[in-house]
Amino acid sequence: MADISINFAGIKSPNPFWLASGPLTNTAYQVMKAFDLGWGGAVWKTVGIPIVNVYSRYGGLTYHGNRLVGLNNNELITDRSYEENYKEIYQVKKKYPKNALLVSLMFETKQEWKEHVKRAIDSGADGLELNFGCPHGMCERGMGSAVGQEPKVLKEVTSWVLEYSTVPVLVKLTPNISDIREPGMAAQEIGAHGVSLINTIKSIIGIDVDSFSPVPSVGGKGTNGGYCGPAVKPIALHMVGALSRMPGWKTLISGIGGIQTWRDAVEFILLGAASLQVCTAAMHYGFRIVEELNQGLSDYMDSKGFKTIEEFRGKAVKNYVEWGDLNLNYRVKAEINPKKCIECQLCVAACDAGGHQCIHTSQNGTRVPYVDQEACIGCNLCSLVCPVEDCITMKEIDLGKPYLTWREYQKTAVS
Amino acid sequence: MSVSFVEKLECPRTELLFEESKPLFNKDQAVSEASRCLFCSDAPCMQACPTHINVPLFIRQIMTENLNGSAKTILSANIMGLSCAHACPVEVLCEGACVMNKEGKEAIHIGRLQRYAVENAYAKGINFFSKGNSTGKKAAIIGSGPAGLSCAAELARLGHEVVVYESRRIPGGLDSTAVAPYKLFSDAALKEIAFIQRIGIEIKTGITIGKDFALSELEKQYDLIFVGIGLGQDSLLKIPGEDLTGCMGVVEWIENIKRNNSFNPGSIQSAAVIGGGNTAIDAVRELKKLKVPKVTLIYRRTEREMSGYKHEKDRAAQEGVEFLFQTTPLEILGSGGRVTGIKLVKTKGEDGRLSVVSGSEFNFLCDFVLKAAGQEKLSGLFSQIKNLKIENGLIKVHPETFQTDNPKYYAAGDCVSGGEEVVNSVADGKKAAKAMHQSLLKGK
Ligand SMILES: Cc1cc2nc3c(=O)[nH]c(=O)nc-3n(C[C@H](O)[C@H](O)[C@H](O)COP(=O)(O)OP(=O)(O)OC[C@H]3O[C@@H](n4cnc5c(N)ncnc54)[C@H](O)[C@@H]3O)c2cc1C
Ligand SMILES: Cc1cc2nc3c(=O)[nH]c(=O)nc-3n(C[C@H](O)[C@H](O)[C@H](O)COP(=O)(O)O)c2cc1C
Ligand code: SF4
Ligand code: SF4
């Protein structure tokens, strides 16, 4: 059976699944329960100068009846005292020495950072995560994403922590920037042991069309919050991939953003993530989802013959290339399997509107459409809208021509 | 102010003992069911609906929680969208055409979604339609069944003065007196009629045209006349014993269930329904749901030849109804004036040719018999209309305009088709109205 344990810059964990810093990791009760159910680690809810929260904090995106496709929150960092937090961190670590326990921190002055790096480590933290990512409330006070968006400030604050810390330090990055590589590189250059990404995306989840207030409404008014859950996974995957394939990149990545199933986890690992953090999915379904995550990951590895996570970590990185490096001589065309077709004609409508107007209704009296192979540009739209599995497939067509990239094509075109 | 017919319903009605077989969805159920809809292009469900409701659109409007928009989409195609949502045999209409069936998935519950949209919009008291600018023309509608009401609603929306004459005390035709209560309760049917009245049509009940009010008078007062009088009484079996207490016509019996509580199911041990159509199947299911211990459907031909829907017959069988096929009654047996059984005989032969098997007579014990051998054709009124062409007891009309051979008269519904579904009458009544509108405008 596959070994799914990890060693993240010296932080050992029986499996790669950590609860992300957030409402799931507020108390010893929660974290202990999670460890009992199989979570490998947890990043404690960000400790900082205690704040007050508003009522309510969450807004959900329901799509076609599916709830929490995306979640938006305006919760701030911990609202508990230092004493409560550190005491409970200590209790957890003492009872669960084999699980990874990281503590997320967010402070302002060097003095504060110094004090709390020490207190967190004294309480038993296996690692520290610096919250430079929170996109609401805290950034207005010069913390959270306000730090993550300024590589210079990020470096300075991180250097303080590295100076005082005796355990690995992870910098948690905000996606609310134009190029993730800048803060990523800043973290690597200053010597962080890892980066965690992504934190939540600045967002307004919706407007109540009756009260005219953004949701969640706090007495008739709303604010922007942080977006997370399944909907953000594509953004998170891109950012993880962008760091992994950057020349000179060597820092470990803790992947976060929309992870809900073992398959999501494998995708992050294939793009280079060395540990995985989960927030929304566990908020939605409870800690028990880890069972499916652990089992699914292990079964996947067995089916592929991977003995350790390191064996396949980053395997998709080299295949993630620039557009200009794609093969211009690769061809696919849509093909409809009339035996599977249920005659909804969604492909007809889609190709007619947003494709290349090449799917037509048959003349022979059936409603099964056909693709004009000449005209098809292989865009894939029809196969995406078709509700039946494997009914429309994109068939590869061998042009008998060599791999030709846009870069090469341009050169030949010029000469 | 228009009359409220809901208030005229007698309260202790047997139908209130029934439970709805398809209860109203709540919002969550409706939205998630609506979300399953693929929003097909050129959707087969829309083609399958005789009134061509834009099904994908109204379902999408439910998904986006625009219930008023959804109800309007439904009702602009089919003014009796609520009755139809309850009463339509969706298995052979829209839901039967749903592409989901082809993938072995459950068809979208179009009927229930339709009910959800319309019932909720009506609960808010919304009137979707109003009377069109007056044309100064007048039309009379004979019969307030689905055909008549649909025709009346369309004519009123087009600006004509419309009066509906109905011989019964309460309007709606078979839609309010015959549709099985587990599908549609009378009060729901009548609530729908209240919204139709509010478009600006008058319904005069308790007036039988040709008896209480002369046709010649009607012809004088109105520019055009629409005939939607449906069919007549239950057909007789023409065998001895039909007049015994405990033997009655099925349509009459269902009307009793829906109007009063004169029927006492507790007094019956064994009931038999004679016939093989949908009305016969409705009746056996109704008797079973009223907890009559033994209920038997007796049909003279084979199971395969039943004209009733297979899905309905299967449900009846599941509910414990027994079937006697290739069996026909010779005499209703009785003692002291009451039914005690039926003398039956086996038949043989398929596809039309039927003969009795001699020597196969037997007595079947039962204390209640319903005759479901179809409804008589109404000829009384027809004979008073000049030049009306009648074929097999049905009015002959132009297939598109529904005009009769007497140009002042149009007709649609069961009195033309011989008996279809509510939705067909609605569709045809509306088509007739469109043609009448053209004719009325020409006459201006
Ligand atoms: C038992 C039974 C169950 C049914 N169940 C269903 C079902 O579940 N779903 C479905 O879709 N369809 C069902 N149908 C069929 C459906 O009810 C009819 O097809 C439809 O109601 C026909 O409409 P109509 O307007 O043509 O006639 P009707 O509904 O019969 O209406 C005719 C009206 O005209 C009136 N009238 C007659 N003569 C005169 C006169 N001289 N003057 C004034 N008024 C007059 C009558 O009183 C009646 O109200 C059922 C039918 C029966 C018999
Ligand atoms: C309610 C809520 C509170 C959060 N609080 C914190 C926090 O205090 N510190 C932090 O670093 N991230 C916080 N996050 C961000 C999560 O740790 C995580 O980065 C983000 O939710 C993306 O992961 P997901 O898609 O699995 O939810 C919070 C998220 C949520 C939903
Ligand atoms: S989308 Fe798929 S199922 Fe629908 S008509 Fe096209 S090929 Fe057939
Ligand atoms: S691949 Fe694109 S262009 Fe080709 S048939 Fe499908 S939608 Fe049309």
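**Ligand sites and cavities in a predicted model**

Ligand 2 has 24 residues around it, and Ser21(A), Thr46(A), Lys172(A), Gly258(A) and Thr280(A) come nearest. A residue counts as near when one of its heavy atoms lies within 4 Å of the molecule. This is a predicted model, in which local features need pLDDT of at least 70 and side-chain atom pairs count only at pLDDT 80 or more, while totals for chains, interfaces and linings use all residues. Residues are numbered from 1 along each chain as its sequence is written, chains are lettered from A and ligands numbered from 1 in the order in which they are written, and side-chain values use heavy atoms, with hydrogens and water left out.

The side chain of Lys45(A) places an N or O atom 2.9 Å from an oxygen atom of ligand 2. Asn131(A) brings a polar side-chain atom to 3.0 Å from a nitrogen atom of the ligand. Ile198(A) uses its backbone: a polar atom there is 3.1 Å from an oxygen atom of ligand 2. Taken alone, ligand 2 exposes 610 Å², and the protein buries 98% of that. These areas come from the Shrake-Rupley method with a 1.4 Å probe.

Three elements of chain A give two or more residues to this shell: strand S4 (41-48), strand S6 (66-73) and helix H9 (280-285). Helices (H or I, at least four residues) and strands (E, at least two) are DSSP runs, numbered from the N terminus. By class, the shell has 10 nonpolar, 11 polar and three charged residues. Here Ala, Val, Leu, Ile, Met, Phe, Trp, Tyr, Cys and Pro count as nonpolar, Asp, Glu, Lys and Arg as charged, and the others, Gly among them, as polar.

Where does ligand 2 sit? The space it takes is the largest cavity. A molecule sits in a cavity if more than half of its atoms lie within 2 Å of the grid points. A cavity is a set of points, on a 1 Å grid over the protein atoms alone, where a 1.4 Å probe fits but cannot get out; lining residues have an atom within 4 Å of a point. The largest cavity holds about 420 Å³ of space. Its lining has 34 residues, with Ser21(A), Asn73(A), Asn199(A), Thr200(A) and Cys279(A) nearest the centre. H9(A) gives the most to this lining, with three residues.

Now turn to chain B. Ligand 1 is surrounded by 34 residues, the closest being Ala87(B), Glu166(B), Arg168(B), Leu174(B) and Asp414(B). A polar backbone atom of Ala147(B) is 2.9 Å from an oxygen atom of ligand 1. The backbone of Ser167(B) has a polar atom 3.1 Å from a nitrogen atom of the ligand. From the side chain of Glu421(B), an N or O atom is 3.2 Å from an oxygen atom of ligand 1. On its own, ligand 1 has 990 Å² of accessible area, and the protein covers 93% of it. The shell divides into 14 nonpolar, 12 polar and eight charged residues.

Of the 14 residues around it, Cys351(A), Cys376(A), Cys379(A), Asn380(A) and Cys382(A) come nearest. Its shell has 11 nonpolar, three polar and no charged residues.

How values were computed: Polar contact = N/O pair within 3.5 Å; in protein donor to acceptor, adjacent residues only side chain to side chain. 1 Å grid on protein atoms, 1.4 Å probe; cavity = no way out; pocket = protein on both sides within 12 Å on 5 of 7 lines; lining within 4 Å. Points joined across faces, edges and corners; volume = space filled by probe spheres on them.
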